[in-house]
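Thanks for coming, everyone. I have one chain to walk you through today, so let me put it on the screen.

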Amino acid sequence: MATETPPPAPSGTSLPSTEEFAEVQQSAEFGELRRAHRSFAFPLTIAFTAWYLLYVLLSNYADGFMGTKVAGNINVALVLGLAQFVTTFLIAWWYARRAAAQLDPKAEAIKSRMEGGA
């Protein structure tokens, strides 16, 4: 069931007003947080999408290359396909580490200030 009422605030805290949210959104600190996120996430998203599209294009148009045997019944297509999974997990791990080290402390500082803790 959808409702327009926000959840109750934890005891001892009050929810920020709409004006306070707008003020924080315009702050330099929030802008820095957004830039830090975007400067990491956007280039990686573009790079991974290009890597994925390269794999798809090679699969469709480079049959000879993709069918090249690497070892036994393992060919280039299988190696590159498995590399897609490895790349996905590495990017997720890298992002989680970076977010925990650089983004989360900034976000927590903004949150605690908005909730009246700072």
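Let's start on the outside: which residues form a nonpolar patch on the surface? They are Val70, Ile74, Leu78, Val79, Leu82, Phe85 and Phe89, with about 680 Å² of accessible area together. For a patch, I take residues with over 30% relative accessible area and no salt bridge, joining nonpolar side chains (Val, Leu, Ile, Met, Phe, Trp, Tyr) within 5 Å and like charges within 9 Å. The areas are Shrake-Rupley values with a 1.4 Å probe, and for residues only the protein chains shown count as cover.

Before going on, the housekeeping. This is a predicted model, so local features need pLDDT of at least 70 and side-chain atom pairs count only at pLDDT 80 or more, while totals for chains, interfaces and linings use all residues. Residues are numbered from 1 along each chain as its sequence is written, and side-chain values use heavy atoms, with hydrogens and water left out.

Now the overall layout. The chain has four helices and two strands, and from the N terminus the order is α-α-α-β-β-α. These are DSSP runs numbered from the N terminus: helices are H or I with at least four residues, strands are E with at least two. Of the 118 residues, 16% count as buried. By buried I mean under 20% relative accessible area, by exposed over 50%, and partly exposed is in between (1.4 Å probe, protein chains only). The chain exposes about 8,900 Å², and carbon and sulfur atoms supply 65% of that. As for contacts between residues at least 6 apart in sequence, 58% join residues at least 24 apart; a contact means heavy atoms within 4.5 Å.

Helix H4, residues 76-114, gives the largest share, five residues. Leu82 sits in H4, and Leu82 is partly exposed at 48% relative accessible area.

Beyond residues up to four places away in sequence, Gln84 touches Phe48, Trp51, Tyr52 and Tyr55.

On to the inside. In soluble globular proteins, nonpolar side chains tend to be buried together. Here the largest nonpolar core has seven residues: Val24, Leu33, Ala36, Ala99, Leu103, Ile110 and Met114. Helix H2 (28-61) and H4 each supply at least two residues of this core, and H4 gives the most, with four.

Take Ile110, in H4. At 6% relative accessibility, Ile110 counts as buried. Leaving out residues up to four places away in sequence, Ile110 touches Val24, Glu29, Phe30 and Leu33. Ile110 and Leu33 are 77 residues apart in sequence, yet their C-alpha atoms are 9.6 Å apart in space. Ala36, another core member, is in contact with Arg98, Leu103 and Lys106 once neighbours within four places are set aside.

How many salt bridges does the structure hold? Two, where a salt bridge is a side-chain nitrogen of Lys or Arg within 4 Å of a carboxyl oxygen of Asp or Glu.

One is Glu29 with Arg113, 2.7 Å from N to O. Glu29 is in H2 and Arg113 in H4, 84 residues apart. Glu29 is partly exposed at 28%, and so is Arg113 at 37%.

The other pairs Lys106 with Glu32, closest N and O atoms 3.1 Å apart. Lys106 is partly exposed at 26%, and Glu32 is partly exposed at 41%.

Last stop, the rings. A search of the whole structure finds two aromatic pairs. One of them is Phe40 with Trp94, edge-to-face, 4.9 Å centre to centre with 85° between the planes. Phe40 is in H2 and Trp94 in H4, 54 residues apart. Rings of Phe, Tyr and Trp (its six-membered ring) pair if their centres lie within 6.5 Å; planes under 30 degrees apart are stacked, over 60 edge-to-face, and the rest tilted. Phe40 is buried at 8%, whereas Trp94 is partly exposed at 44%. Ring pairs link Phe40, Trp94 and Tyr95 into a cluster.

Definitions and conventions. A nonpolar core is a set of buried Ala, Val, Leu, Ile, Met, Phe, Trp, Tyr and Cys residues joined through side-chain atoms within 4.5 Å.
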